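Reader: I would like to learn how to read a model feature by feature. Can we go through one together?
Author: Gladly. Here it is.

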Amino acid sequence: MNAIFDVTPRTAAEFDDDSFWKVLEERHPQERGRRAAKSKFYWQRSLPQVDLVVTMYVSPDKDRCGVFLGRNEKLGAVDVAERLRPHAVRLSEILKLDPAVSSAEFPFMSEWQVNCFAADNWPAMTDWLTTEASRFERALVELVV
């Protein structure tokens, strides 16, 4: 069986999110102190200097994980697309974002097609997610601060 893509259909409800996020915390302990919010399918990294959050997510039923600029009213991360409109072109250039991946709701998104159910993929996934989140953070600080 290929660890990257398993042909067995599974539902998102079957995803062992507690174990997945534990891998992220073990490999990247600094993320725990920066966590703004966490749910079954996402972890938000707080960027208080720009009132934004970078959301790292898993979409196990679609075999992908990714990063996008999320919403968190408690932290002032609202109207993200509108607030970043003046920087949108440059931000997309710096991050080399694929316009086909983004949407009006989530205009700044990066994703990786990967079998989220394969636990042996989790270390690489958490490394990729935190690396992408850091790329987003650096670009935002450069452009917005």
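Reader: In which loop does aspartate 63 lie?
Author: This is a predicted model. Aspartate 63 lies in the loop between strand E3 (52-59) and strand E4 (64-70).

Reader: Where does lysine 96 lie?
Author: Lysine 96 sits in the loop between helix H4 (88-95) and strand E5 (109-113). Its phi is positive too, about 55°, although lysine 96 is not a glycine.

Reader: Is lysine 96 buried or exposed?
Author: Lysine 96 is exposed, because its relative accessible area is 73% and exposed means over 50%.

Reader: Now the sheet. In what order do the strands run?
Author: Strands of a sheet pair through backbone hydrogen bonds, either parallel or antiparallel. Here 5 strands form an open sheet, in the order E1-E2-E3-E4-E5, and the pairing is antiparallel. E1 and E5 are the edge strands, each pairing on one side only. On average, neighbouring strands are turned by 15° against each other, direction ignored.

Reader: How many bridges do E1 and E2 share?
Author: E1 and E2 pair over 3 bridges, in the antiparallel sense. A hairpin of 3 residues joins E1 to E2. Arginine 35 stands opposite arginine 45 in E2.

Reader: And how many bridges hold for E2 and E3?
Author: E2 and E3 pair over 6 bridges, again antiparallel. Tryptophan 43 has methionine 56 in E3 as its bridge partner.

Reader: What sits over the ring of tryptophan 43?
Author: The charged end of arginine 35 does, 5.0 Å from the ring centre.

Reader: Which strands does H5 lie across?
Author: H5 lies across E2, E3, E4 and E5. Helix H5 runs at about 25° to E4.

Reader: Next, a helix. Which residues of H1 are buried?
Author: An α-helix has 3.6 residues a turn, so residues three or four places apart point the same way. In helix H1 (residues 17-27), the buried residues are Asp17, Phe20, Trp21, Val23, Leu24 and Glu25.

Reader: What covers the buried residues of H1?
Author: The cover includes helix H2 (30-34), strand E1 (35-38), strand E2 (42-47), E3 and helix H5 (122-144).

Reader: Last, the aromatics. How many aromatic pairs are in the whole structure?
Author: A search of the whole structure finds 9 aromatic pairs. One of them joins phenylalanine 15 and tryptophan 122, edge-to-face, at 5.9 Å centre to centre and 70° between the planes. This pair links distant parts of the chain. Phenylalanine 15 is in the segment before H1, tryptophan 122 is in helix H5, and the two are 107 residues apart. Both phenylalanine 15 and tryptophan 122 are buried.

Reader: Why does the pair of phenylalanine 20 and tryptophan 21 count as edge-to-face?
Author: A pair of aromatic rings is described by the distance of the centres and the angle of the planes. The ring centres of phenylalanine 20 and tryptophan 21 are 4.8 Å apart and the planes stand at 75°, so the pair is edge-to-face. The cut-off for that label is over 60 degrees. Phenylalanine 20 counts as buried, at 0% relative accessibility. Tryptophan 21 is buried as well, at 0%.

Reader: Which residues form the aromatic cluster?
Author: Phe15, Phe20, Trp21, Trp43, Phe117 and Trp122 form one cluster.

Note on methods:
Residues numbered from 1 in each chain as written. Predicted model: local features only at pLDDT ≥ 70, side-chain atom pairs only at ≥ 80, totals over all residues. Heavy atoms only, no water. Helix = DSSP H or I, 4+ residues; strand = E, 2+ residues; numbered from the N terminus. Buried < 20%, exposed > 50% of the residue type's maximum accessible area, 1.4 Å probe, protein only. Contact = heavy atoms within 4.5 Å. Pairing = 2+ DSSP bridges. Phe/Tyr/Trp six-rings, centres within 6.5 Å; stacked < 30°, edge-to-face > 60°. Lys NZ or Arg CZ within 6 Å of the ring centre and 35° of its normal. Axes fitted to C-alpha atoms, helices over the stretch in contact; angles between N-to-C directions.
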